[in-house]
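Let's take a walk through a protein model and look at what its side chains are up to. Keep the picture open as you read.

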Amino acid sequence: VAATPVQVGTATWKGVEGGDLHTCGIRSDDTLWCWGANASGQLGIGSTTAEPTPVQVGSGAWRSVDLGADHTCGTTTDLRLWCWGANASGQVGDGTADGPRTEPVAIGTASWLSVSGGAAHTCAIQVGSTLWCWGANAQG
């Protein structure tokens, strides 16, 4: 428990998002880093091992990231959408609803402006401003 703020490394950051038990941030060089719980592969590092310090996710330049309870999605600077982690409700968006995805999975070929993850669902806005959602739908 840290009752006062603690600096995370010495890198400079341009964005950070917190999930239930994991955190991801984009550094000033557009690289994506995640840390924390990882039982569902929500860190996107190819394993389900928890990481107490930031670990880089894939390669490429990231534009945004958003976290659900146990899944993560982000957009790259070329406007591609990527998701990973828990997928029992189809929240990753790759057309399946089964085991977790431990590495980023490209979602379609469309261009995406933003993404937002819920507990077990995801919504994203495509270029053209159309809204798309997938995953759990118990409440509509």
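A bit of housekeeping comes before that. This is a predicted model, where local features need pLDDT of at least 70 and side-chain atom pairs count only at pLDDT 80 or more, while totals for chains, interfaces and linings use all residues. Residues are numbered from 1 along each chain as its sequence is written, and side-chain values use heavy atoms, with hydrogens and water left out.

Let's begin with sulfur. How many disulfides does the structure hold? There are three, where a disulfide is a pair of cysteine sulfur atoms within 2.5 Å. Count the bonded cysteines along the chain and you get the pattern 1-2, 3-4, 5-6.

Find C24 and C34, which are joined with an S to S distance of 2.0 Å. The torsion about their S-S bond is about 110°, so this disulfide is right-handed. Since C24 sits in strand β2 and C34 in strand β3, the pair ties together parts that are 10 residues apart in sequence. (Strands are DSSP runs of E with at least two residues, helices are runs of H or I with at least four, and both are numbered from the N terminus.) C24 is buried, with a relative accessible area of 0%, and C34 is buried at 0% too; buried means under 20% relative accessible area, exposed means over 50%, and partly exposed is in between, using a 1.4 Å probe and protein chains only.

Now move along to C73 and C83, whose sulfur atoms are 2.1 Å apart. This link is right-handed, with 115° about the S-S bond, and it runs from strand β6 (residues 71–76) to strand β7. Then comes the disulfide of C123 and C133, with its sulfur atoms 2.1 Å apart. It connects strand β10 to strand β11. Is C133 buried or partly exposed? It's partly exposed, because its relative accessible area is 48%.

On to the rings. The structure holds three aromatic pairs: rings of Phe, Tyr and Trp (its six-membered ring) pair if their centres lie within 6.5 Å, and planes under 30 degrees apart count as stacked, over 60 as edge-to-face and the rest as tilted. One of them is W62 with W84, edge-to-face at 5.9 Å centre to centre and 75° between the planes. W62 lies in strand β5 and W84 in strand β7, so the pair ties together parts 22 residues apart in sequence. W62 counts as buried at 3% relative accessibility, and W84 does at 0%. Another pair is W112 and W134, also edge-to-face, at 6.1 Å and 70°.

What about charges? Side chains of opposite charge can pair when their charged atoms come close. Here you'll find three salt bridges, each a side-chain nitrogen of Lys or Arg within 4 Å of a carboxyl oxygen of Asp or Glu. D30 pairs with K14, their closest N and O atoms being 2.3 Å apart. R101 meets D94 at 2.8 Å and D98 at 2.7 Å, so look for D94, D98 and R101 linked in a network.
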